[in-house]
Amino acid sequence: MSIFLSTLLNSLQSYGYPALWLSIFVAAVGLPLPIGLVLLAAGAFAALGDFNVIVLALIATSASVAGDCLGYLIGRLLGSKPLEWLEQSRSGKRFISPRTVARSRLYFKRRGGWAIFLSRFLFSALGGIINLLSGIELFPFRYFLFCDIPGEAVGVVIPLALGFAFGASWEAVGDVLGAFSLFVVGLLLVIVLLIRLIRYMCSVQRVKTGHRLTEVQNVTDVAPIIDPPAPSSGHLPLS
Amino acid sequence: MSARIKLIGTGILLCLALGATIFCAMQTVQAIQRFEESRNLATSGDVSTIGDWMTLPYVARVYHVPENYLDQWLHIRDRQSTRHTTLRALADQYNRPVDSLIHDIQRAIVTYRKQHTPHTGNTQHDKGQPPTGRKKP
(Lines give C-alpha, C1' and ligand atoms only; values in the text may rest on other atoms or scores of the structure.)
Protein backbone atom coordinates (compact mmCIF):
# COMPACT_ATOMS: atom_id res chain seq x y z
CA MET A 1 0.00 0.00 0.00
CA SER A 2 1.35 3.43 -0.91
CA ILE A 3 2.22 6.00 1.76
CA PHE A 4 -0.36 8.37 0.23
CA LEU A 5 -3.15 5.84 0.61
CA SER A 6 -2.06 4.89 4.12
CA THR A 7 -2.01 8.55 5.18
CA LEU A 8 -5.41 9.18 3.61
CA LEU A 9 -6.93 6.17 5.35
CA ASN A 10 -5.41 7.18 8.67
CA SER A 11 -6.82 10.71 8.31
CA LEU A 12 -10.18 9.22 7.32
CA GLN A 13 -10.21 7.17 10.52
CA SER A 14 -8.90 10.00 12.71
CA TYR A 15 -10.93 12.95 11.39
CA GLY A 16 -13.86 11.22 9.69
CA TYR A 17 -16.09 12.90 7.12
CA PRO A 18 -14.30 16.31 6.89
CA ALA A 19 -11.03 14.56 5.99
CA LEU A 20 -12.82 12.56 3.31
CA TRP A 21 -14.48 15.67 1.87
CA LEU A 22 -11.19 17.57 1.75
CA SER A 23 -9.19 14.76 0.14
CA ILE A 24 -11.87 14.15 -2.51
CA PHE A 25 -12.16 17.88 -3.22
CA VAL A 26 -8.40 18.22 -3.70
CA ALA A 27 -8.33 15.15 -5.95
CA ALA A 28 -11.24 16.48 -8.04
CA VAL A 29 -9.37 19.75 -8.61
CA GLY A 30 -6.53 17.77 -10.14
CA LEU A 31 -4.14 16.34 -7.53
CA PRO A 32 -3.50 12.67 -8.34
CA LEU A 33 -4.74 10.95 -5.17
CA PRO A 34 -6.00 7.32 -5.01
CA ILE A 35 -9.56 8.35 -4.19
CA GLY A 36 -11.16 5.24 -5.70
CA LEU A 37 -9.25 3.11 -3.21
CA VAL A 38 -10.10 5.48 -0.34
CA LEU A 39 -13.80 5.12 -1.23
CA LEU A 40 -13.48 1.33 -1.35
CA ALA A 41 -11.87 1.38 2.10
CA ALA A 42 -14.51 3.81 3.38
CA GLY A 43 -17.18 1.37 2.16
CA ALA A 44 -15.39 -1.44 4.01
CA PHE A 45 -15.26 0.68 7.21
CA ALA A 46 -18.94 1.54 6.76
CA ALA A 47 -19.82 -2.16 6.52
CA LEU A 48 -18.63 -2.57 10.11
CA GLY A 49 -20.45 0.54 11.31
CA ASP A 50 -17.62 3.08 11.43
CA PHE A 51 -19.40 5.34 8.94
CA ASN A 52 -22.86 5.75 7.46
CA VAL A 53 -22.69 4.70 3.83
CA ILE A 54 -25.39 7.16 2.66
CA VAL A 55 -23.66 10.09 4.36
CA LEU A 56 -20.39 8.91 2.79
CA ALA A 57 -21.99 8.89 -0.66
CA LEU A 58 -23.46 12.38 -0.21
CA ILE A 59 -20.22 13.84 1.13
CA ALA A 60 -18.09 12.22 -1.56
CA THR A 61 -20.41 13.37 -4.38
CA SER A 62 -20.61 16.94 -3.06
CA ALA A 63 -16.82 17.13 -2.66
CA SER A 64 -16.23 15.79 -6.17
CA VAL A 65 -18.72 18.20 -7.75
CA ALA A 66 -17.27 21.16 -5.81
CA GLY A 67 -13.73 20.24 -6.90
CA ASP A 68 -14.84 19.82 -10.51
CA CYS A 69 -16.51 23.25 -10.44
CA LEU A 70 -13.31 24.83 -9.13
CA GLY A 71 -11.33 23.13 -11.90
CA TYR A 72 -13.85 24.42 -14.46
CA LEU A 73 -13.64 27.96 -13.06
CA ILE A 74 -9.81 27.89 -13.10
CA GLY A 75 -9.96 26.81 -16.73
CA ARG A 76 -12.52 29.47 -17.60
CA LEU A 77 -10.78 32.35 -15.82
CA LEU A 78 -7.16 31.53 -16.52
CA GLY A 79 -7.25 29.30 -19.57
CA SER A 80 -9.72 30.98 -21.90
CA LYS A 81 -7.72 34.24 -22.06
CA PRO A 82 -4.50 32.66 -23.39
CA LEU A 83 -6.64 30.78 -25.91
CA GLU A 84 -8.31 34.02 -27.00
CA TRP A 85 -4.86 35.60 -27.33
CA LEU A 86 -3.69 32.66 -29.45
CA GLU A 87 -6.83 33.03 -31.54
CA GLN A 88 -6.67 36.79 -32.07
CA SER A 89 -3.07 38.00 -31.88
CA ARG A 90 -0.79 37.85 -34.89
CA SER A 91 1.99 35.97 -33.06
CA GLY A 92 -0.59 33.58 -31.57
CA LYS A 93 -1.93 32.73 -34.99
CA ARG A 94 1.50 31.33 -35.86
CA PHE A 95 1.07 28.60 -33.23
CA ILE A 96 -2.58 27.77 -33.77
CA SER A 97 -5.01 28.95 -36.40
CA PRO A 98 -8.37 30.49 -35.36
CA ARG A 99 -10.05 27.87 -37.55
CA THR A 100 -8.51 25.07 -35.48
CA VAL A 101 -9.62 26.73 -32.23
CA ALA A 102 -13.15 27.16 -33.56
CA ARG A 103 -13.22 23.56 -34.76
CA SER A 104 -12.01 22.22 -31.39
CA ARG A 105 -14.61 24.35 -29.60
CA LEU A 106 -17.36 22.99 -31.81
CA TYR A 107 -16.12 19.43 -31.34
CA PHE A 108 -15.98 19.83 -27.56
CA LYS A 109 -19.48 21.30 -27.52
CA ARG A 110 -20.73 18.27 -29.42
CA ARG A 111 -18.87 15.48 -27.61
CA GLY A 112 -17.75 17.19 -24.38
CA GLY A 113 -20.80 16.03 -22.43
CA TRP A 114 -19.88 12.38 -22.86
CA ALA A 115 -16.23 13.12 -22.08
CA ILE A 116 -17.25 14.83 -18.83
CA PHE A 117 -19.67 12.06 -17.84
CA LEU A 118 -17.31 9.15 -18.62
CA SER A 119 -14.23 10.79 -17.08
CA ARG A 120 -15.99 10.89 -13.71
CA PHE A 121 -15.86 7.12 -13.23
CA LEU A 122 -14.34 5.32 -16.21
CA PHE A 123 -11.25 7.43 -16.98
CA SER A 124 -11.03 9.18 -13.64
CA ALA A 125 -7.35 10.07 -14.21
CA LEU A 126 -8.48 12.46 -16.96
CA GLY A 127 -11.14 14.15 -14.81
CA GLY A 128 -9.02 17.13 -13.73
CA ILE A 129 -7.79 17.84 -17.26
CA ILE A 130 -11.30 17.61 -18.71
CA ASN A 131 -12.59 20.07 -16.08
CA LEU A 132 -9.90 22.58 -17.10
CA LEU A 133 -10.55 21.95 -20.77
CA SER A 134 -14.30 22.49 -20.29
CA GLY A 135 -13.57 25.89 -18.75
CA ILE A 136 -11.04 26.81 -21.42
CA GLU A 137 -13.42 25.82 -24.22
CA LEU A 138 -16.22 27.89 -22.57
CA PHE A 139 -18.42 24.81 -22.26
CA PRO A 140 -21.85 25.88 -20.88
CA PHE A 141 -21.70 25.62 -17.08
CA ARG A 142 -25.22 24.26 -16.64
CA TYR A 143 -24.60 21.50 -19.15
CA PHE A 144 -21.26 20.82 -17.41
CA LEU A 145 -23.10 20.31 -14.11
CA PHE A 146 -25.78 18.24 -15.86
CA CYS A 147 -23.10 15.79 -17.04
CA ASP A 148 -20.87 16.08 -13.97
CA ILE A 149 -23.30 15.32 -11.12
CA PRO A 150 -24.63 11.96 -12.44
CA GLY A 151 -21.11 10.94 -13.46
CA GLU A 152 -19.72 11.72 -10.02
CA ALA A 153 -22.65 9.96 -8.34
CA VAL A 154 -21.89 6.81 -10.35
CA GLY A 155 -18.16 7.23 -9.67
CA VAL A 156 -18.79 7.42 -5.91
CA VAL A 157 -21.50 4.79 -5.55
CA ILE A 158 -19.61 2.01 -7.39
CA PRO A 159 -16.51 1.89 -5.12
CA LEU A 160 -18.52 2.57 -1.95
CA ALA A 161 -20.94 -0.25 -2.72
CA LEU A 162 -18.14 -2.66 -3.64
CA GLY A 163 -16.18 -1.77 -0.50
CA PHE A 164 -19.34 -2.20 1.56
CA ALA A 165 -20.09 -5.57 -0.03
CA PHE A 166 -16.60 -7.09 -0.01
CA GLY A 167 -15.16 -5.53 3.16
CA ALA A 168 -11.62 -6.69 3.89
CA SER A 169 -11.00 -7.68 0.24
CA TRP A 170 -11.35 -4.09 -1.03
CA GLU A 171 -7.71 -3.95 -2.15
CA ALA A 172 -8.29 -6.90 -4.49
CA VAL A 173 -11.51 -5.20 -5.69
CA GLY A 174 -9.45 -2.07 -6.43
CA ASP A 175 -7.08 -4.13 -8.58
CA VAL A 176 -10.05 -5.58 -10.49
CA LEU A 177 -11.55 -2.12 -11.03
CA GLY A 178 -8.23 -0.68 -12.21
CA ALA A 179 -7.57 -3.52 -14.65
CA PHE A 180 -11.17 -3.48 -15.87
CA SER A 181 -11.21 0.28 -16.53
CA LEU A 182 -7.97 -0.05 -18.55
CA PHE A 183 -9.58 -2.89 -20.50
CA VAL A 184 -12.63 -0.72 -21.25
CA VAL A 185 -10.38 2.16 -22.37
CA GLY A 186 -8.52 -0.24 -24.69
CA LEU A 187 -11.77 -1.63 -26.03
CA LEU A 188 -13.12 1.88 -26.77
CA LEU A 189 -9.85 2.74 -28.52
CA VAL A 190 -10.10 -0.42 -30.64
CA ILE A 191 -13.70 0.46 -31.60
CA VAL A 192 -12.76 4.06 -32.54
CA LEU A 193 -9.76 2.89 -34.59
CA LEU A 194 -11.83 0.20 -36.27
CA ILE A 195 -14.44 2.77 -37.32
CA ARG A 196 -11.67 5.04 -38.68
CA LEU A 197 -10.08 2.15 -40.53
CA ILE A 198 -13.39 1.26 -42.18
CA ARG A 199 -13.90 4.93 -43.15
CA TYR A 200 -10.42 5.16 -44.66
CA MET A 201 -10.96 1.87 -46.50
CA CYS A 202 -14.20 3.24 -47.92
CA SER A 203 -12.48 6.48 -48.98
CA VAL A 204 -9.65 4.53 -50.62
CA GLN A 205 -12.26 2.40 -52.36
CA ARG A 206 -14.11 5.55 -53.47
CA VAL A 207 -10.89 7.05 -54.82
CA LYS A 208 -10.21 3.82 -56.71
CA THR A 209 -13.71 3.72 -58.22
CA GLY A 210 -13.38 7.44 -58.99
CA HIS A 211 -10.15 6.72 -60.86
CA ARG A 212 -11.85 3.90 -62.73
CA LEU A 213 -14.78 6.14 -63.65
CA THR A 214 -12.46 8.86 -64.93
CA GLU A 215 -10.54 6.22 -66.87
CA VAL A 216 -13.80 4.95 -68.39
CA GLN A 217 -14.84 8.54 -69.11
CA ASN A 218 -11.51 9.21 -70.76
CA VAL A 219 -11.93 6.07 -72.80
CA THR A 220 -15.43 7.13 -73.89
CA ASP A 221 -14.14 10.65 -74.65
CA VAL A 222 -11.35 9.22 -76.77
CA ALA A 223 -13.46 6.50 -78.37
CA PRO A 224 -15.37 8.69 -80.96
CA ILE A 225 -12.08 9.75 -82.50
CA ILE A 226 -11.06 6.17 -83.06
CA ASP A 227 -14.41 4.78 -84.01
CA PRO A 228 -17.06 7.44 -84.80
CA PRO A 229 -20.64 6.33 -84.24
CA ALA A 230 -22.93 5.85 -87.16
CA PRO A 231 -25.04 8.93 -88.03
CA SER A 232 -28.42 8.74 -86.46
CA SER A 233 -30.22 10.61 -89.26
CA GLY A 234 -30.50 7.46 -91.29
CA HIS A 235 -28.86 9.08 -94.35
CA LEU A 236 -26.08 7.09 -95.88
CA PRO A 237 -22.77 8.97 -96.17
CA LEU A 238 -22.09 10.25 -99.62
CA SER A 239 -19.25 8.48 -101.27
CA MET B 1 -1.45 12.80 -46.20
CA SER B 2 -2.80 10.28 -48.65
CA ALA B 3 -5.64 7.96 -47.70
CA ARG B 4 -3.41 4.92 -48.17
CA ILE B 5 -0.87 6.15 -45.57
CA LYS B 6 -3.70 6.98 -43.17
CA LEU B 7 -5.07 3.49 -43.70
CA ILE B 8 -1.72 1.84 -42.94
CA GLY B 9 -1.11 4.06 -39.88
CA THR B 10 -4.57 3.36 -38.48
CA GLY B 11 -4.09 -0.36 -39.10
CA ILE B 12 -0.82 -0.36 -37.13
CA LEU B 13 -2.44 1.61 -34.28
CA LEU B 14 -5.39 -0.78 -34.29
CA CYS B 15 -3.05 -3.77 -33.97
CA LEU B 16 -1.25 -2.10 -31.04
CA ALA B 17 -4.54 -1.18 -29.34
CA LEU B 18 -5.83 -4.71 -29.86
CA GLY B 19 -2.68 -6.16 -28.27
CA ALA B 20 -2.96 -3.76 -25.30
CA THR B 21 -6.66 -4.61 -24.89
CA ILE B 22 -5.95 -8.35 -24.86
CA PHE B 23 -3.20 -7.76 -22.28
CA CYS B 24 -5.62 -5.71 -20.14
CA ALA B 25 -8.28 -8.43 -20.47
CA MET B 26 -5.77 -11.00 -19.20
CA GLN B 27 -4.83 -8.69 -16.33
CA THR B 28 -8.51 -8.29 -15.45
CA VAL B 29 -9.02 -12.06 -15.39
CA GLN B 30 -5.95 -12.48 -13.16
CA ALA B 31 -7.17 -9.68 -10.87
CA ILE B 32 -10.57 -11.41 -10.58
CA GLN B 33 -8.83 -14.68 -9.66
CA ARG B 34 -6.74 -12.90 -7.02
CA PHE B 35 -9.90 -11.24 -5.72
CA GLU B 36 -11.64 -14.61 -5.41
CA GLU B 37 -8.67 -16.03 -3.50
CA SER B 38 -8.60 -13.00 -1.21
CA ARG B 39 -12.36 -13.21 -0.70
CA ASN B 40 -12.16 -16.90 0.22
CA LEU B 41 -9.36 -16.22 2.68
CA ALA B 42 -11.25 -13.28 4.20
CA THR B 43 -14.50 -15.23 4.62
CA SER B 44 -12.63 -18.17 6.17
CA GLY B 45 -11.11 -15.75 8.72
CA ASP B 46 -7.53 -16.38 7.61
CA VAL B 47 -5.26 -14.08 9.63
CA SER B 48 -2.94 -13.54 6.66
CA THR B 49 -5.53 -11.09 5.26
CA ILE B 50 -4.87 -8.56 8.05
CA GLY B 51 -3.79 -5.34 6.34
CA ASP B 52 -1.92 -2.27 7.59
CA TRP B 53 -4.99 -0.13 6.78
CA MET B 54 -7.12 -1.86 9.43
CA THR B 55 -7.71 -0.44 12.89
CA LEU B 56 -7.72 -2.57 16.03
CA PRO B 57 -11.53 -2.39 16.42
CA TYR B 58 -11.82 -3.43 12.75
CA VAL B 59 -9.54 -6.44 13.32
CA ALA B 60 -11.47 -7.32 16.46
CA ARG B 61 -14.81 -7.30 14.64
CA VAL B 62 -13.68 -9.07 11.47
CA TYR B 63 -11.72 -11.82 13.24
CA HIS B 64 -14.10 -12.10 16.21
CA VAL B 65 -11.63 -11.32 18.96
CA PRO B 66 -12.42 -8.99 21.90
CA GLU B 67 -10.85 -5.56 21.50
CA ASN B 68 -9.42 -5.48 25.01
CA TYR B 69 -7.75 -8.85 24.39
CA LEU B 70 -5.81 -7.32 21.48
CA ASP B 71 -5.01 -4.23 23.57
CA GLN B 72 -3.64 -6.40 26.36
CA TRP B 73 -1.64 -8.51 23.92
CA LEU B 74 -0.06 -5.42 22.37
CA HIS B 75 0.37 -3.66 25.76
CA ILE B 76 -1.74 -0.70 24.68
CA ARG B 77 -2.83 1.40 27.62
CA ASP B 78 -4.46 4.43 26.02
CA ARG B 79 -7.22 2.70 24.12
CA GLN B 80 -9.13 5.82 23.12
CA SER B 81 -6.21 7.40 21.28
CA THR B 82 -5.52 4.27 19.24
CA ARG B 83 -9.13 3.44 18.48
CA HIS B 84 -9.15 5.31 15.16
CA THR B 85 -5.54 4.62 14.22
CA THR B 86 -4.59 2.30 11.39
CA LEU B 87 -2.06 -0.44 12.12
CA ARG B 88 0.56 1.37 10.05
CA ALA B 89 0.13 4.57 12.08
CA LEU B 90 0.09 2.51 15.28
CA ALA B 91 3.38 0.89 14.32
CA ASP B 92 4.87 4.33 13.65
CA GLN B 93 3.55 5.53 17.00
CA TYR B 94 5.24 2.63 18.82
CA ASN B 95 8.42 2.83 16.68
CA ARG B 96 8.25 -0.69 15.35
CA PRO B 97 7.93 -2.22 11.88
CA VAL B 98 4.35 -2.64 10.72
CA ASP B 99 4.97 -6.25 9.66
CA SER B 100 6.04 -7.21 13.17
CA LEU B 101 2.92 -5.54 14.60
CA ILE B 102 0.70 -7.43 12.17
CA HIS B 103 2.53 -10.65 13.00
CA ASP B 104 1.88 -10.03 16.72
CA ILE B 105 -1.82 -9.47 16.04
CA GLN B 106 -1.97 -12.65 13.96
CA ARG B 107 -0.40 -14.61 16.84
CA ALA B 108 -2.86 -13.03 19.26
CA ILE B 109 -5.84 -14.11 17.14
CA VAL B 110 -4.53 -17.65 16.65
CA THR B 111 -3.87 -17.99 20.39
CA TYR B 112 -7.32 -16.66 21.23
CA ARG B 113 -8.92 -19.12 18.84
CA LYS B 114 -6.97 -22.03 20.34
CA GLN B 115 -8.02 -20.99 23.83
CA HIS B 116 -11.66 -20.60 22.92
CA THR B 117 -12.22 -23.59 20.66
CA PRO B 118 -14.31 -26.26 22.33
CA HIS B 119 -12.50 -29.62 22.21
CA THR B 120 -15.12 -31.41 20.13
CA GLY B 121 -13.10 -31.79 17.00
CA ASN B 122 -15.11 -28.96 15.49
CA THR B 123 -12.79 -26.40 13.90
CA GLN B 124 -15.46 -23.73 13.56
CA HIS B 125 -13.38 -21.08 15.35
CA ASP B 126 -10.31 -21.77 13.25
CA LYS B 127 -12.38 -20.85 10.24
CA GLY B 128 -13.20 -17.50 11.76
CA GLN B 129 -16.70 -18.15 13.03
CA PRO B 130 -17.69 -16.14 16.08
CA PRO B 131 -17.09 -17.89 19.42
CA THR B 132 -20.27 -19.40 20.76
CA GLY B 133 -19.13 -19.12 24.39
CA ARG B 134 -19.83 -21.57 27.16
CA LYS B 135 -23.16 -23.28 27.27
CA LYS B 136 -25.35 -22.28 30.14
CA PRO B 137 -26.16 -25.09 32.50
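**View 1. The lining of the second largest cavity in this predicted model.** Seen here are B:L56, B:P57, B:E67, B:D71, B:R79, B:T82 and B:R83, which line the second largest cavity. Within chain B, α2 (56–62), α3 (67–73) and α4 (79–82) are the elements that each give two or more residues to this lining. The cavity has a volume of about 40 Å³. Sorted by class, its lining has four charged residues, two nonpolar ones and one polar one. A search of the whole structure finds two cavities of 30 Å³ or more.

**View 2. The largest pocket and the residues nearest its centre.** Now we turn to chain A. About 1100 Å³ of space lies in this pocket. Its lining is made of 39 residues, and A:G36, A:R120, A:F121, A:S124 and A:A125 are those nearest the centre. At least two lining residues come from each of these helices of chain A: α2 (17–29), α3 (35–47), α4 (53–88), α7 (127–136), α8 (141–166) and α9 (170–226). Among them, α9(A) gives the most, with seven residues. By class, the lining divides into 23 nonpolar, twelve polar and four charged residues.

**View 3. The second largest pocket, with α9(A) as the main contributor to its lining.** Here the space amounts to about 960 Å³. Look for A:Y107, A:R111, A:F123, A:L188 and A:V192, which lie nearest the centre of this pocket, out of 24 lining residues. In chain A, α6 (98–119), α7 and α9 each supply at least two residues of the lining, and α9(A) has the largest share, ten residues. The lining has 17 nonpolar, three polar and four charged residues.

Methods:
Residues are numbered from 1 along each chain as its sequence is written. Chains are lettered from A and ligands numbered from 1 in the order in which they are written. This is a predicted model: local features need pLDDT of at least 70, side-chain atom pairs count only at pLDDT 80 or more; totals for chains, interfaces and linings use all residues. Side-chain values use heavy atoms; hydrogens and water are left out. On a 1 Å grid over the protein atoms alone, a cavity is a set of points where a 1.4 Å probe fits but cannot get out, and a pocket is an open set with protein on both sides within 12 Å along at least five of seven lines; lining residues have an atom within 4 Å of a point. Grid points are joined across faces, edges and corners, and a volume is the space filled by probe spheres set on the points. Helices (H or I, at least four residues) and strands (E, at least two) are DSSP runs, numbered from the N terminus. Ala, Val, Leu, Ile, Met, Phe, Trp, Tyr, Cys and Pro count as nonpolar, Asp, Glu, Lys and Arg as charged, and the others, Gly among them, as polar.
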